[in-house]
Amino acid sequence: MLKSARKTEKDPEGRMPLAEHLRELRNRLAKAMLAIAVVTIVAAFYNQQLMEFLSDPVPRCTKGLGETTGGACAVVAYTDLLSPFTTTVKVSLMAGIVLSSPIWLYQLWAFVAPGLHKHERKYTYYFVASAVPLFLGGAWLAYTIMPISMRVLLGITPDGSANILPMDKILDFSVRMVLVFGAAFELPLLLIMLNLTGVVTGRRMVGWWRGVVMGVFIFGAVATPTTDPVGMLALAGPIVVLYFIAVGISLLNDRRRRRNDPDAALDDDEASDLDLTPEAIGDVETVSASRALPEQATKDRVNGYDDVT
């Protein structure tokens, strides 16, 4: 049984000796790896359903290899002896990592959280609460448009030829689509976090909109493994919409920040407005003179001075 490195009496600032930090990291990693291993083993019993789910977007040929149908459909096949085994392992491991993500993400958070300030933890809660739905939304969109993208790509096949798609290639294609779309949907959230921390203002993001739109479409054309206009538009369109939503949220946050602090928008080397209006001075408080030292109390000196001054 792994013993926790956290002391009974925790330091309010999250400080720990280096040895206990390493022990804590070891325990967190062990728990995360154990969760991934357990879920991977469970997923291996459902590998058939998982592989059917990942290969379902492929338009299947019902007549087999004897009929040449051009780009209308494809035949899913295993190309070598080890392909069924390696594909099963890859699918099970991927399912284990994804399905156990709440556990290993919590272990990561539990290791990092004691060293964060209160406002940093608040921002992290907001980030996680928004990042998960955005990633799932991107993954769902990728899985939705995969059949369309595959039909577009298979449609290039000339008549008289047949498409034979290896199962491992379909798996790689599906995973890349899901990861690219899911990660791309996090970009607007990153801009909001930069605005909340004061790095980028909403007005500056408004000035970037032309370059951002162009960059998003270029990113959509390069990042999507389909290399077809359907995938590019499906990825770039929602990101552009999310970008302008992020700009609107940032502008509202800047307005709130200016209302609470009028000098919040000033640069570090820019002086704030100062009120130089003269103010009346109150009554002068009298201060008694200090007593002279014994060696200074002579007939020629008054309070330590040799004259009346």
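Is Arg28 buried or exposed? Arg28 counts as buried, because its relative accessibility is 14% and buried means under 20% relative accessible area, with exposed over 50% and partly exposed in between (1.4 Å probe, protein chains only).

The model is a predicted one: local features need pLDDT of at least 70, side-chain atom pairs count only at pLDDT 80 or more, and totals for chains, interfaces and linings use all residues. Residues are numbered from 1 along each chain as its sequence is written, and side-chain values use heavy atoms, with hydrogens and water left out.

Start with the overall layout. The chain has 10 helices and two strands. Helices (H or I, at least four residues) and strands (E, at least two) are DSSP runs, numbered from the N terminus. Along the sequence they run α-α-β-α-α-α-β-α-α-α-α-α. Of the 309 residues in the chain, 31% are buried.

Now return to Arg28. Arg28 sits in helix α1 (residues 18-44). Its partner is Glu24, and the two form a salt bridge with the closest N and O atoms 2.8 Å apart. A salt bridge is a side-chain nitrogen of Lys or Arg within 4 Å of a carboxyl oxygen of Asp or Glu. Glu24 and Arg28 are four residues apart in helix α1, so about one helical turn separates them. Glu24 is buried too, with a relative accessible area of 1%.

The structure holds two salt bridges. Lys90 and Asp172 also meet in one, at 3.2 Å from N to O. Lys90 lies in helix α3 (residues 83-99) and Asp172 in helix α6 (residues 167-184), so this pair ties together parts that are 82 residues apart in sequence. Lys90 is partly exposed, at 37% relative accessibility. Asp172 is partly exposed as well, at 34%.

Next, look at the surface. Lys118, Lys122, Arg203, Arg255, Arg256, Arg258 and Arg259 gather there in a patch of positive charge. Patches are made of residues with over 30% relative accessible area and no salt bridge; like charges are joined within 9 Å, nonpolar side chains (Val, Leu, Ile, Met, Phe, Trp, Tyr) within 5 Å. Two elements, α5 (118-154) and α10 (229-260), each give two or more residues to the patch. Helix α10 supplies the largest share, four residues. Arg255 is in helix α10 and counts as exposed, at 52% relative accessibility.

Helix α10 also holds Ser250. Ser250 is buried, with a relative accessible area of 0%. Ser250 and Gly202 are 48 residues apart in sequence, yet 4.7 Å apart in space, C-alpha to C-alpha.

Notes:
Areas by Shrake-Rupley, 256 points an atom, 1.4 Å probe, with all protein chains shown as cover. Lys, Arg positive; Asp, Glu negative; His and termini not counted. Charge placed at Lys NZ, Arg CZ, Asp CG, Glu CD.
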